[in-house]
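Start with the accessibility of one side chain.

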Amino acid sequence: MEINITLVGQLITFAVFVWFTMKFVWPPLLKAMKEREQHIAEGLAAAERGQHALELAQQKVDEQMQQAKQQAAEIIEQASRRANQMAEESKQQIRKENERLLSIAQADIQQEWQTAQEKLRAEAASLATTMVEKILKQALDKREVQQALVKQSLEEI
């Protein structure tokens, strides 16, 4: 193997090319690769933060949904209790009104009863008086019998 000038020239050219590449080409390439690596790392970190934020948001939504369900259940329970309370109040008012009407009706019945009794007594007295008059007109001599009949009629009244 002979080393000749061409090989030395190629070796020098290659050395210059390597030096030139390391001095002027390699640093911008390394810088671009580092920037790209850093950009990718930032993107991955942002994606991870976004994923974490999404999980937190989902947890928060779940908690709010649970609270909303609880509030809805409480509102329904309160409405049910209020409806039952209103129904009970209505029943009590109806009972009071029925009792009031019943007492008024009983008072009216009692008054009608007393009025009817008074009318019957007055009629009985009138009938007794009429009977006595008729008896006195028919026979004045039968006084004793008539007196017994009058007493008996008055006792019955």
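R100 is partly exposed, at a relative accessible area of 41%. Here buried means under 20% relative accessible area, exposed over 50%, and partly exposed in between (1.4 Å probe, protein chains only). This is a predicted model: local features need pLDDT of at least 70, side-chain atom pairs count only at pLDDT 80 or more, and totals for chains, interfaces and linings use all residues. Residues are numbered from 1 along each chain as its sequence is written, and side-chain values use heavy atoms, with hydrogens and water left out.

R100 pairs with E97 in a salt bridge. E97 is partly exposed too, at 34%. Both lie in helix α1, three residues apart, about one turn of the helix. Helices (H or I, at least four residues) and strands (E, at least two) are DSSP runs, numbered from the N terminus.

The structure holds three salt bridges. A salt bridge is a side-chain nitrogen of Lys or Arg within 4 Å of a carboxyl oxygen of Asp or Glu.

| Pair | N to O distance |
|---|---|
| R81 and E77 | 3.8 Å |
| R95 and E88 | 4.0 Å |
| R100 and E97 | 2.5 Å |

R81 and E77 sit four residues apart in helix α1 (residues 5-138). R81 is partly exposed at 48%. E77 is partly exposed at 42%. R95 has 47% relative accessibility; E88 has 35%.

UniProt, in an unreviewed entry, lists residues 6-26 as "transmembrane region". That span is 100% helix, with end C-alpha atoms 27 Å apart. UniProt also places a "coiled-coil region" (unreviewed entry) at residues 47-104. Its end C-alpha atoms lie 84 Å apart, and the span is 100% helix. UniProt positions follow the numbering used here, feature names are shortened, and annotations may be inferred rather than shown by experiment.
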